[in-house]
Amino acid sequence: MELANTLRQDGESRGGVLAHLERLETQVSKSHKKLEEPQNAQALEARIHELKRLRDKLRAEVKQRQARVKASTANVEPDQILEISEQEILERKQENMKAILQAYRFTGISGKLTSRGVSVCISTAFEGNLLDSYFVDLVMEKPLWIHHHSVPVFIPLEEISAKYLQTNTRHFLFVLWEYLNAYSGRKYQADRLQSDFAAFLVGPLQRNSLCNLLSFTYKVKPEGQSFPFCARLLYKDLTTTLPTDVTVTSQGTEALPSTWEEQRAAHENLFFTKPLHQVFTSFAKKGEKLDMSLVS
């Protein structure tokens, strides 16, 4: 009996100690939470205060800007405000055009500002020879438009302007220069063939306005007996000065000797790779014997 009481008392003592320890841990945990809560609350309150300060600062800046805008437009009608905005746009376009002309001054494109916009001069050249010049007068309005020009009718000016004039004036001028410069280069070659190498031609040189289709019959020896060839040169790319398609045939129906066939094929290669006057210069220097260095 005494042993049972002793065990019961020991159990109760141990249970009482454990419960007491648990209560102490709970109290400590609550104390920590109570200590942390004021610190978190203080940090949050400081953050809110900082955000309010920034908000008030931004509001003040917005009010100042609105006051300045209101003061500057107090005596200006809405239509005038729109007009001022468009004027700024036009002035910006003029400055941009100045920069474009400055960048292209070494490529044959120059110009000057006019009362309505800018007058652009496009000069062409081939192999260092200055050729024709063309002008385009642009009016700096919205939209930008062409007032006068001297571009030949067979140059696709309307197509080029529709693609690039409103969106990229720089590219518009460059593409137009490519077309005009290539046309002048092809025309220069055809003129040189007619004026400097007429003795090699059998009959007239046939060409269209764009000078992108040339047909002629020629001999490799200006005097004496020489087998004539017929050449047809087509320039599909209107921005180039060398043909994209070349056909050289013999005049007549009789079969050519093998040496003449080789010569005909060599002529085709020359027309593909060299300007016309250079090809006939080689004929003049070598006679029937081709300058094969030009072929390579």
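**Figure 1. Asp-237 and its surroundings in the predicted model.** Leaving out residues up to four places away in sequence, Asp-237 touches Arg-186 and Thr-244, where contact means heavy atoms within 4.5 Å. This is a predicted model, in which local features need pLDDT of at least 70 and side-chain atom pairs count only at pLDDT 80 or more, while totals for chains, interfaces and linings use all residues. Residues are numbered from 1 along each chain as its sequence is written, and side-chain values use heavy atoms, with hydrogens and water left out. Asp-237 sits in the loop between β7 (229-234) and β8 (245-250); helices (H or I, at least four residues) and strands (E, at least two) are DSSP runs, numbered from the N terminus. With a relative accessible area of 34%, Asp-237 is partly exposed, a class between buried (under 20% relative accessible area) and exposed (over 50%), computed with a 1.4 Å probe on protein chains only. Its side chain makes a polar contact with the side chain of Thr-239 at 2.7 Å; a polar contact is a pair of N or O atoms within 3.5 Å, and within protein one must be able to donate a hydrogen and the other to accept it, while residues adjacent in sequence count only if both atoms are side-chain atoms. Between the C-alpha atoms of Asp-237 and Ala-182, which are 55 residues apart along the chain, the separation is 9.4 Å.

Figure 2. Four strands, in the order β5-β6-β7-β8, form an open sheet with antiparallel pairing; two strands pair if DSSP finds at least two bridges between them. At the edges stand β5 and β8, each with a single partner strand, so one side of each is left without a neighbour in the sheet. The antiparallel strands β7 and β8 are joined by six bridges, and the bridge partner of Arg-232 in β8 is Thr-247. In the loop between β5 and β6 (213-218) is Cys-211, which has a positive phi of about 55° although it is not a glycine. Cys-211 counts as buried, at 4% relative accessibility.

**Figure 3. The largest nonpolar core.** This core has 25 residues, and those with the most contacts inside it are Val-120, Ile-122, Val-151, Ile-155, Phe-172, Leu-176 and Leu-180. A nonpolar core is a set of buried Ala, Val, Leu, Ile, Met, Phe, Trp, Tyr and Cys residues joined through side-chain atoms within 4.5 Å. At least two residues of the core come from each of β2 (117-126), β3 (129-139), α3 (157-164) and α4 (169-196), and the largest share, eight residues, is supplied by α4. Both domain 1 (109-185) and domain 2 (186-293) give residues to this core, so it lies between them; the domain bounds come from an automatic or database domain assignment. Leaving aside its neighbours within four places in sequence, Phe-172 is in contact with Ile-146, Leu-157, Ile-160, Ser-161, Tyr-164 and Leu-165.

**Figure 4. Gln-189 in helix α4.** Gln-189 lies in helix α4 and is buried, with a relative accessible area of 1%. When residues up to four places away in sequence are not counted, Gln-189 touches Phe-126, Thr-241, Pro-275, Leu-276 and His-277.

Figure 5. Through five residues, a hairpin joins β3 to β4, and four bridges join β3 to strand β4 (residues 145-149), the two running antiparallel. One of these strands, β4, holds His-149, the bridge partner of Val-136. Pro-143 lies in the loop between β3 and β4, and the peptide bond to Pro-143 from Lys-142 is cis, with omega near 5°. In the loop between β2 and β3 is Glu-127, which has a positive phi of about 50° although it is not a glycine; with a relative accessible area of 42%, Glu-127 is partly exposed.

**Figure 6. Confidence along the chain.** The chain has a mean pLDDT of 78, and 65% of its residues reach 70 or more, where pLDDT is the predictor's confidence in each residue, from 0 to 100. Among the elements of the chain, strand β5 (residues 206-207) has the highest mean pLDDT (97) and helix α7 (residues 292-295) the lowest (44). Over residues 1-15 the pLDDT stays under 50, and the model has zero contacts beyond four places in sequence for them. Over residues 290-296 the pLDDT is also below 50, and this stretch has 15 contacts in the model beyond near neighbours in sequence.
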